[in-house]
Amino acid sequence: MTWFSSSFQQKYAIEGLLQDRLWQKFGSPKIDFSSKDGLDSLIEFCRAMAIKNPMVKRAVQVDADYVWGQGFDFKAADPDVQIELKRFWEHPRNRKALSSKMALEQKEKKLEVEGNIFFSLFSSPSGMVFVRSIPFKEIRDIVTDEEHALWPEYYLRSYQQRRYDRNTGEIRTSEDKIAYPDYSMGLASEFKVGEYRVSRDASIYHVKTGGYDDMPYGVPSIYSALDWALAFKGFLEDWATIVRIHRTFGFQVTGGSPSSILAGKEKLNTTYSVSSPETNPSPVVGSTILMPGNQKIEPIKTSKATVT
């Protein structure tokens, strides 16, 4: 399925992502939610909408506020377990990736906008577990049990690894392909899955929302609201156009003879030109106007204007 052109990410900024001609593809009844490439494009679009569209952005923020607004706490029955949990939860690296209030809210937003979070769990020699998250677009496939499709075994990750040379200041990139075992498998017994080397020190816990249990990936929660967000954006644009039309003329002058109308026109004309400055500026706020008794100037009333 072709969702966007191959140069999509390089060619289109947020404004390009929101063009209607690109959006129409997402309204197709033939969307394959098991297609990783298709979901990559859909999630890229959802991320752009969550940044650009104020309705979607506010909905995502309200969701995060409701879930984590009062913080989070836990208490284990075993005191020793409580100590270990606290040590894990309060470790600076884990606070940055997961357990601080800011990190929890960011992860909630990510789940709403992307529908998936891939937590990578790294075990240190001391037994401490460190949490990181892997971007959705770097996960290329999920290998499941041959007989039970709902049992994931490996998550195949392909990404560009950046290495900074502290001596020369150069940044070098190289492609790396890693197969992370699912957290439920424990230590992997294999060393390679196809062309992907198996990670020996990390596993993945996949959190997904939206969709159904037979779908390998989650679907962004905001996906169902995008049609309406775009429709309401169009409605507001149409309304703004009507308001601008009503504001084209601010005042109307009634009464007076043809000669007084011409005189008024002269007073309202600009004198600005290429060779001379403006010598007939607009009146300042609070100015006084003197008019004949049969002539009147008043603002145009639009309070009862309708859109039909």
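1. Trp-239 counts as partly exposed in this predicted model, because its relative accessibility is 41%, and partly exposed residues lie between the 20% limit for buried and the 50% limit for exposed. The residue belongs to helix 9.

2. Trp-239 is also one member of a nonpolar patch on the surface, together with Met-55, Phe-232, Phe-235, Leu-236 and Val-243. The accessible area of these residues together is about 550 Å². Helix 9, which covers residues 226–246, supplies the largest share of the patch, namely five residues.

3. Helix 9 itself contains 21 residues. The distance from its first C-alpha to its last is 30 Å, close to the 30 Å expected at 1.5 Å a residue.

4. Which residues of helix 9 are buried? Leu-226, Ala-229 and Leu-230 are buried in this helix. They lie on the same side of helix 9, because the arc they cover around the axis is only 95°. Trp-228, Asp-238 and Ile-245, on the other side of the helix, are exposed.

5. The model also holds an open sheet of five strands, arranged in the order 3-4-5-7-6 with mixed pairing. Strand 3 (139–144) and strand 6 (192–193) are at the edges, and each has a single partner strand, so one side of each lacks a neighbour in the sheet.

6. Within this sheet, strand 5 (residues 171–181) and strand 7 (residues 196–198) run parallel and are joined by two bridges. Ala-179 stands opposite Val-198 of strand 7. In general, the strands of a sheet pair through backbone hydrogen bonds, in either a parallel or an antiparallel manner.

Technical notes: Residues are numbered from 1 along each chain as its sequence is written. This is a predicted model: local features need pLDDT of at least 70, side-chain atom pairs count only at pLDDT 80 or more; totals for chains, interfaces and linings use all residues. Side-chain values use heavy atoms; hydrogens and water are left out. Patches are made of residues with over 30% relative accessible area and no salt bridge: like charges are joined within 9 Å, nonpolar side chains (Val, Leu, Ile, Met, Phe, Trp, Tyr) within 5 Å. Accessible areas come from the Shrake-Rupley method with a 1.4 Å probe; for residues, only the protein chains shown count as cover. A salt bridge is a side-chain nitrogen of Lys or Arg within 4 Å of a carboxyl oxygen of Asp or Glu. Helices (H or I, at least four residues) and strands (E, at least two) are DSSP runs, numbered from the N terminus. Buried means under 20% relative accessible area, exposed over 50%, partly exposed in between (1.4 Å probe, protein chains only). The expected span of a helix is 1.5 Å times one less than its number of residues. The arc is that of the directions from the helix axis to the C-beta atoms. Two strands pair if DSSP finds at least two bridges between them.
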